[in-house]
Amino acid sequence: MQPPNFPPQQPPPHPPGAYGAPGVVCSQCQRLVPPHETVNFQGMAICAQCKPLFFQRLQESGGARFGGGGVGLGSMSYADFGIRLLAKIVDTIILSVAQGMIQIPMMLAMPQQAASSPAEVFAVMTGALVPMGLSLVMQGAYYTFFIGKFGATAGKMLFKLRVVAPDGTALSYNAAFIRYLSELVTGCTCLIGYLICINDPERRTLHDRMASTRVVVRG
């Protein structure tokens, strides 16, 4: 009697790197993929699945140039001091109008007579600090929302500027808030923190250095 003729067994599937070349971890999705299915960008491995979205975001932020038969990675066009100053003036005007609409009624509602007791002095001081605190909250909300949502404030959008990470990608809301806090430090340097961008090859101000950001011109 002939033994049954079973089909030859197939080797079990194996993850990338089990045989042959080792696998590579994608910097975007953290999956282990074969090396030939990835591209390398500034030391980061990017898999085929993540590549379209990654380079689309990079292009939108001004960190890449597309053309010819493939992807050409070019240097970012950093915004100089003059255009950043104009954008800052626009943002300051917008915030001043918004803050004035709230602060002026609050100040008019404060008692106008001179304080004659410790309780009245405390009330006057507290009333003076509330508008200042409200101003900081409004500024923080303005910069965090616009940069986290659109990559630029209204002033920067007017001049086609964008705030990005060192690799050209967009900032998260947390990173945008950290940048706002860093700019408060820059504001205490008598403009020196802003002026250092003039001699910086990437046009970084003090808060750009602290928050690890760049301001680029959108192509």
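I looked up Ala 165 in this predicted model and found that Ala 165 touches Met 76, Leu 171, Ser 212 and Arg 214, where contact means heavy atoms within 4.5 Å and residues up to four places away in sequence are not counted. Residues are numbered from 1 along each chain as its sequence is written, and side-chain values use heavy atoms, with hydrogens and water left out. Local features need pLDDT of at least 70 and side-chain atom pairs count only at pLDDT 80 or more, whereas totals for chains, interfaces and linings use all residues.

I next noted the largest nonpolar core, which has 9 residues, including Ala 165, Leu 171, Ile 147 and Val 215. Such a core is a set of buried Ala, Val, Leu, Ile, Met, Phe, Trp, Tyr and Cys residues joined through side-chain atoms within 4.5 Å; buried means under 20% relative accessible area (1.4 Å probe, protein chains only). Another core, of 8 residues, lies apart from the largest one, with Cys 26, Val 33, Phe 54 and Phe 55 among them.

I then searched the whole structure for aromatic pairs and recorded 7; rings of Phe, Tyr and Trp (its six-membered ring) pair if their centres lie within 6.5 Å, with planes under 30 degrees apart stacked, over 60 edge-to-face and the rest tilted. Tyr 142 and Tyr 143 are edge-to-face, at 5.3 Å centre to centre and 85° between the planes. Tyr 143 and Tyr 180 are stacked, at 6.1 Å and 20°. Tyr 143 lies in helix H3 (residues 118-150) and Tyr 180 in helix H5 (residues 173-186), so this pair ties together parts 37 residues apart in sequence; helices are DSSP runs (H or I, at least four residues), numbered from the N terminus. Both Tyr 143 and Tyr 180 are buried.

Definitions and conventions: Buried means under 20% relative accessible area, exposed over 50%, partly exposed in between (1.4 Å probe, protein chains only). Helices (H or I, at least four residues) and strands (E, at least two) are DSSP runs, numbered from the N terminus.
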